[in-house]
Amino acid sequence: MSKISEKNLIGESVRRREDFRFLTGRGRYIDDIKLDGMAHAAMLRSPHAHADITKIDASAASEIEGVLCVFTGAEWKAAGYGTIPTKSAVRKFKDGSDLKEPPHHAIAIDRVRHVGEIVAVVVAETRDIAKEALDAIEVYYAPLPAVTGLKQAAAEGAPQVWDLAPGNVCLDFGLGNEEAQKKAFAEADHIVTLDLVNNRVTAVPIEPRGAVAGYDAASENFTLWNSSQNIHANRDTIAEAALKIDKSKLHHLAPDVGGGFGAKNGVYPEPILICHAARLIGRPVKWINDRAESFLSDTHGRDQVSTVQLALDKDGQFRGLRTETLGNLGAYCGTVGPFTPTGGSSRTQGGPYKFDAIYYTAKAIFTNTAPLDPYRGAGRPEASYQIDRIIDYAADVLGFDADELRRKNLVPKAMLPMKTPMGLDVDCGDFPEVYKRTMAMTDRAGYAKRKADSEARGMKRGFGVCAYLECTGGGPKEHAVVNFRDDGKVGLAVGSHSTGMGHETAFSQLLAGHLWLAIDDVVFTQGDTDATPLGGGHGGSRGMEVGGSAVLQTSRAVVAKGKEIAAHLFETTSDKIEFEDGSFFEPGTNHTMTIRDVIDASNDPDKLPDGVQPGCLNIGTTFERGIISIPNGSHAAEVEVDPETGVVKATHYWVVDDFGTIINPLLADGQVMGGVAQGIGQALLEEIVYDETGQLLTGSLMDYAMPRADDIPPMHVGYFEDAPTAKNLLGVKGAGEAGCVGAPPAIVNAVCDALKGYGVKHIDMPLTPEKVWRAIRAAQA
Amino acid sequence: MPAIKLRVNGREAAAEVDERTLLSTFLREQLDLTGTHVGCDTSQCGACTVDIDGITAKSCAMFAWQADGAAITTIEGLADGDKLHPMQAAFREHHGLQCGFCTPGMVMTAVDFAKRNPDPSDDEIRHALEGNICRCTGYHFIVDAIRTGAKAMRG
Ligand code: FES
Ligand code: FES
């Protein structure tokens with residue numbers, strides 16, 4: 001037998017167990033669910049960004065053959081349903097007053113506040129009939145002035161989205177020591193100021209959102225299958241806040257989920273509406289968004305404008321940083337929406353660089369646009385862009401070498417552990433070493449030749465870097481439960497959620513490796529409120545950190561219980577028993593039994609000590625994270641720009657990440673690469689655009705530019721594994737979001753480097769050919 | 001309602017379809033072949049790609065009745081029982097998929113491409129994927145998978 005230890009399978013690129021079903025078309029996604037008697041719902045969405053609903057006439061729609069029911073906000077209100085609350089962790093203004101939370105009904109009651117807001121629901125025998133019936137509903141609107149842009153919404157005299165939020169301000173926020181920051185600024189030799197736009201984007205999981213709801217009148221229980229990443233928390237909100245039922249009355253499940261990236265984390269109106277519909281017609285109801293609706297109604301991300309100021313001495317030493325941000329919330333608070341531009345964007349201000357003081361201040365602003373909520377990174381990409389972009393800008397305008405500035409200011413290893421000026425607990429790592437390893441990967445020696453080749457073809461080549469610091473987040477608790485089954489398999493259920501990350505493999509790998517079982521014998525369950533008592537879902541790169549730790553903790557509890565059983569059978573005490581190579585044994589004796597024997601014994605009352613029940617190895621434990629982890633790393637990019645057309649091509653990409661322990665390098669690579677591609681998409685291609693009346697101009701995949709294979713360069717990914725964190729059981733730091741934290745500044749820095757010769761100082765994302773072309777012309781004019 | 005007859009994954013299928021039923025809808029709803037995915041409404045994402053008489057096509061971009069008489073292969077028709085097609089195996093080996101939603105279309109496109117170009121360069125692979133969007137992988141491992149899959153297909 002090959003040597004296996006507790007570390008076995010940790011660090012191995014185990015191929016994915018879920019892949020067979022995905023590769024053969026046997027995945028089961030939300031739209032693949034078919035239930036007997038299932039009806040189909042379609043949503044009528046507002047064409048206006050801001051309008052009073054004066055009347056809705058649904059009589060013609062109701063009479064269409066095959067239509068089962070139609071309902072509007074009036075019926076919703078009469079039925080007494082509750083609103084969808086925000087769970088933002090920041091809830092107070094700087095002056096201590098409460099955040100302004102407008103009522104978020106699942107359906108508009110008498111006023112719409114963004115294009116795409118639901119005003120009526122049709123349920124019919126087929127999806128086609130339901131959609132057709134939408135056209136027969138007559139809605140009378142009295143349009144109101146709308147506001148979509150951040151600066152316009154924050155300006156004096158702007159149209160007001162909510163009466164309860166004067167000036168459209170939902171929340172203001174400050175973090176850091178403003179006095180110390182001002183002092184640092186006063187003492188510094190230079191202060192550099194840069195205005196930055198973090199463009200509004202959207203996650204675009206390739207599977208659109210959807211759900212199926214069922215209702216059992218006898219038990220008054222709902223079952224909701226939902227293409228969601230956060231089954232437990234959303235069960236509580238949907239049941240208790242919106243449907244006003246006990247949460248035990250709602251069984252919430254997610255089937256295979258086709259990508260999420262944050263956009264499937266929150267509570268959305270449609271699943272709530274179809275629960276109502278299922279109860280109303282006494283049949284299961286399915287709703288699937290089409291792509292056009294997804295652009296209108298999925299939560300969007302980023303959308304911040306910031307003024308960033310960096311104070312530094314004449315030798316290049318950083319002294320202080322100040323960032324003032326406006327963050328767009330859309331028309332409602334979102335599930336955690338107000339947190340992103342405030343707390344979420346504040347914590348990693350300053351990145352891995354050393355500062356005397358940092359002050360961050362932000363306002364979260366309502367507009368007549370779709371609600372914003374976390375998109376992969378949620379605040380950390382913004383912070384990383386701010387610091388790493390202003391470093392290159394400062395180097396350019398003050399005549400420093402950007403590489404030298406970074407090396408000079410990275411927090412040295414000797415300073416760790418430390419608390420950053422933003423209060424982050426950085427326990428371990430080696431930022432200069434990680435930066436050095438990244439640079440060593442980048443083939444700097446060959447750069448001059450590549451640049452000359454580009455020049456010979458009339459192209460401009462540039463190189464850009466970002467050293468990022470990020471932090472995990474999301475629910476702090478996770479539950480993992482094992483169940484040793486009669487058929488020899490072991491069930492493993494975890495409340496954390498994969499939407500493509502491969503938990504079925506990575507968690508099984510941990511359990512099987514620890515218990516010396518065959519990974520193929522692990523039967524994995526996620527996304528089911530009946531399978532685990534609690535679950536933190538997805539988000540904040542928490543899967544391995546919190547979920548993986550729960551699996552390991554449960555595995556250890558199984559071994560501890562196994563020792564008790566073995567000790568009983570060996571007539572000794574469990575402290576004498578060891579577990580190794582898949583066997584429980586008492587050193588110095590010939591007493592030994594395999595884990596399989598112990599599993600069998602655990603179900604046999606004759607073999608168990610007094611007071612221990614059969615099935616005693618079926619254990620669930622909850623792991624709770626104390627302090628969030630600090631992934632960090634460095635990205636480097638090379639780009640080529642065609643100055644005649646403004647077209648940017650990313651040609652090379654390198655990353656070294658410190659994610660602590662790497663459980664499955666192949667899956668970690670996948671996370672990094674996918675995140676980098678999303679970051680490159682944000683930097684070069686993607687933008688959600690509303691016109692000033694609130695119409696969405698980028699409402700399809702023809703208008704919203706998604707990165708395709710030839711937009712993305714090959715990527716080289718390495719890991720620094722010398723600093724596992726002690727904050728969780730595995731020493732992991734979280735891998736899910738880092739890619740899109742580091743990529744935008746690396747890419748924009750590379751493009752600005754390429755265009756230095758023209759005098760271009762900065763271009764706002766996305767760096768489309770038109771913007772690049774114009775920037776070159778403007779700089780030369 | 002037009003009556004159509006076609007072969008799907010080697011099996012005869014006959015059905016009555018509404019004029020406006022898309023081929024993707026027909027495959028998913030009437031034949032229960034839910035491996036063909038629908039990710040958009042503008043023929044952009046490629047998740048619905050199938051093989052029709054030896055040519056890959058986006059099944060969301062044609063009506064079911066237009067496939068009358070055709071022989072169609074969907075993702076369900078690629079593996080030989082439990083034995084993955086070499087391109088499927090290469091996607092698994094190289095981690096060319098995460099959520100799996102774009103995957104059926106990616107694999108169908110890749111198989112067709114590798115038949116026409118058995119020894120492709122990475123650039124050619126990337127261009128061949130212009131009609132298929134993946135949001136999860138960043139494409140790098142898909143390119144690796146297609147290079148390996150093409151090699152395995154040429155034997
Ligand atoms: S569903 Fe056919 S291309 Fe998107
Ligand atoms: S694997 Fe998720 S979209 Fe490609």
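**Helix packing and aromatic pairs**

A: In this predicted model, helix 18 of chain A and helix 19 of chain A are oblique to each other. The axes of helix 18 (residues 665-684) and helix 19 (residues 738-754) of chain A cross at roughly 40° and come within 7 Å. The crossing of helix 18 of chain A and helix 19 of chain A is right-handed. On the side of helix 18 of chain A, the residues in contact include Val672(A), Gly675(A), Val676(A), Gly679(A), Ile680(A) and Leu684(A). Helix 19 of chain A meets them with residues among which are Gly739(A), Cys740(A), Ala743(A), Pro744(A), Ile747(A) and Val748(A). By class, this contact of helix 18 with helix 19 of chain A has ten nonpolar and five polar residues, and no charged ones.

Turning to the aromatic residues, the structure holds 16 aromatic pairs over all chains. One of them joins Trp162(A) and Tyr332(A) edge-to-face, with 5.4 Å centre to centre and 65° between the planes. Trp162(A) lies in the loop between helix 5 (150-154) and strand 7 (169-176) of chain A, and Tyr332(A) in the loop between strand 14 (318-330) and helix 10 (340-346) of chain A, so the pair ties together parts that are 170 residues apart in sequence. Trp162(A) is buried, its relative accessible area being 7%, and Tyr332(A) is likewise buried, at 4% relative accessibility.

Tyr215(A) and Phe222(A) form a tilted aromatic pair, at 4.6 Å centre to centre and 45° between the planes. Both Tyr215(A) and Phe222(A) are buried. Finally, ring pairs link Phe22(A), Tyr29(A) and Phe101(B) into a cluster.

Notes: Residues numbered from 1 in each chain as written. Chains lettered and ligands numbered in written order. Predicted model: local features only at pLDDT ≥ 70, side-chain atom pairs only at ≥ 80, totals over all residues. Heavy atoms only, no water. Axes fitted to C-alpha atoms, helices over the stretch in contact; angles between N-to-C directions. Helix = DSSP H or I, 4+ residues; strand = E, 2+ residues; numbered from the N terminus. Parallel < 35°, antiparallel > 145°, perpendicular 65-115°, else oblique. Left-handed = near helix turned anticlockwise from the far one by under 90°. Contact = heavy atoms within 4.5 Å. Nonpolar A, V, L, I, M, F, W, Y, C, P; charged D, E, K, R; others polar. Phe/Tyr/Trp six-rings, centres within 6.5 Å; stacked < 30°, edge-to-face > 60°. Buried < 20%, exposed > 50% of the residue type's maximum accessible area, 1.4 Å probe, protein only.
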